Amino acid sequence: KIVIFHTHFSAKLSVLKTMLYNRILAKCDGVCFVSKGLEENVRVVAGLNPSKSYVLYPGVEFVGVKPEDASEFRDQHGIPRDAAMLLMHATTLYKLKARGASLLMDALAKLIPRFPETYLVLTREGSFSNELKEHAKNLNIADKVIFTGDLDKPELAMAAADIYTHISYGDGYPISILEAMVAGIPVIASNIPGIDEAIING
C-alpha cells in the first residue's frame, strides 16, 4: 500500500488525528510526496512522520490548441484579442490559493491605471468564488477580472493567456505551472516551497 500526498496543510492537526494518520502511515509500504517542500510541510505542520517516504515529481502531457480556438475563448469571455490576459487556475477552491488570488487582484488594481487593457482570468467554481468576486468589486476592477467557473477544456484558457500567474500561500507541486511551461507561457509564481522546485527565478 502506497499513500500519495499532494495537498499542503495550512494548520496543525489535532493530537487524535495525528496519531490516527501516523498509525495508518506506519502500515503503508511507502509514502510519496509530489515535492520536497510538501514533505517538509507534512512533517512540520501536520506532525506526521512516515518512516518510508519518497519524492515523486508529477509530469504533464502537452495538449495542443488551435490558435482560432484560443481566440474564441477570449471572444466568449469578452477579452479583446489584443489585450494582456493573465490566468490563474483553481483559485476559488482552496483557502491558500484564494488568498493568493486576492493579493493578485490587489496588484492588478495598481497595474490597470497604467495598463488599462489588462485582464485577469480565474477558473473553477469553489467555496471562495463569492468572496473573490466581492473583493474585485471593492477594488473597482470587476470588469477586468473574469470568473469562468469550471471549464471543460482548461487548456483553451492557457493557450489564450499571455502570462500564467500562480500566487499562493501554500502548494504541493502545481501541475498548472508545468502545463504553462509546456505551452510556452511565461509564469509568475510565489516563491514558496514546492513551487520553487518547479521553476527557477529568472
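Where is His 89 found?

Analyst: His 89 is found in the loop between E4 and H4. Helices (H or I, at least four residues) and strands (E, at least two) are DSSP runs, numbered from the N terminus. This is a predicted model, in which local features need pLDDT of at least 70, side-chain atom pairs count only at pLDDT 80 or more, and totals for chains, interfaces and linings use all residues. Residues are numbered from 1 along each chain as its sequence is written, and side-chain values use heavy atoms, with hydrogens and water left out.

His 89 is buried, at a relative accessible area of 9%. Buried means under 20% relative accessible area, exposed over 50%, and partly exposed in between (1.4 Å probe, protein chains only). The His 89 side chain makes a polar contact with the side chain of Thr 123, at 2.8 Å. A polar contact is a pair of N or O atoms within 3.5 Å; within protein, one must be able to donate a hydrogen and the other to accept it, and residues adjacent in sequence count only if both atoms are side-chain atoms. Setting aside neighbours within four places in sequence, His 89 contacts Thr 123, Pro 154, Ala 157, Met 158, Tyr 164 and Ser 176. Contact means heavy atoms within 4.5 Å.

Next, the nonpolar cores. The largest one has 33 residues, and Phe 5, Met 85 and Leu 87 have the most contacts inside it. A nonpolar core is a set of buried Ala, Val, Leu, Ile, Met, Phe, Trp, Tyr and Cys residues joined through side-chain atoms within 4.5 Å. A second, separate core has 16 residues, including Met 105, Leu 122, Ile 141 and Val 145.

Phe 5 touches, among others, Val 31, Phe 33 and Leu 38, with residues up to four places away in sequence not counted. Now the open sheet. Three strands form it in the order E1-E2-E3, with parallel pairing. Strands pair if DSSP finds at least two bridges between them. Strand E1 (2–5) and strand E3 (53–55) are the edges, each pairing on one side only. Three bridges join E2 to E3. Phe 33 stands opposite Val 55 in E3. H2 packs on this sheet and touches E1, E2 and E3; its direction makes about 145 degrees with that of E3. Axes are lines fitted to C-alpha atoms, for helices over the stretch in contact, and angles run from 0 to 180 degrees between N-to-C directions.

Last, the charged pairs. The whole structure holds five salt bridges. Each is a side-chain nitrogen of Lys or Arg within 4 Å of a carboxyl oxygen of Asp or Glu. One of them joins Asp 162 to Arg 74, at 2.8 Å from N to O. Asp 162 sits in the loop between H6 and strand E7 (163–166) and Arg 74 in helix H3, so this pair ties together parts 88 residues apart in sequence. Asp 162 is partly exposed at 37% relative accessibility, whereas Arg 74 is buried at 5%. Lys 144 and Glu 117 form another, with the closest N and O atoms 3.9 Å apart. Lys 144 lies in the loop between H5 and E6, and Glu 117 in the loop between H4 and E5, 27 residues apart. Lys 144 is buried at 10%, and Glu 117 is partly exposed at 41%.
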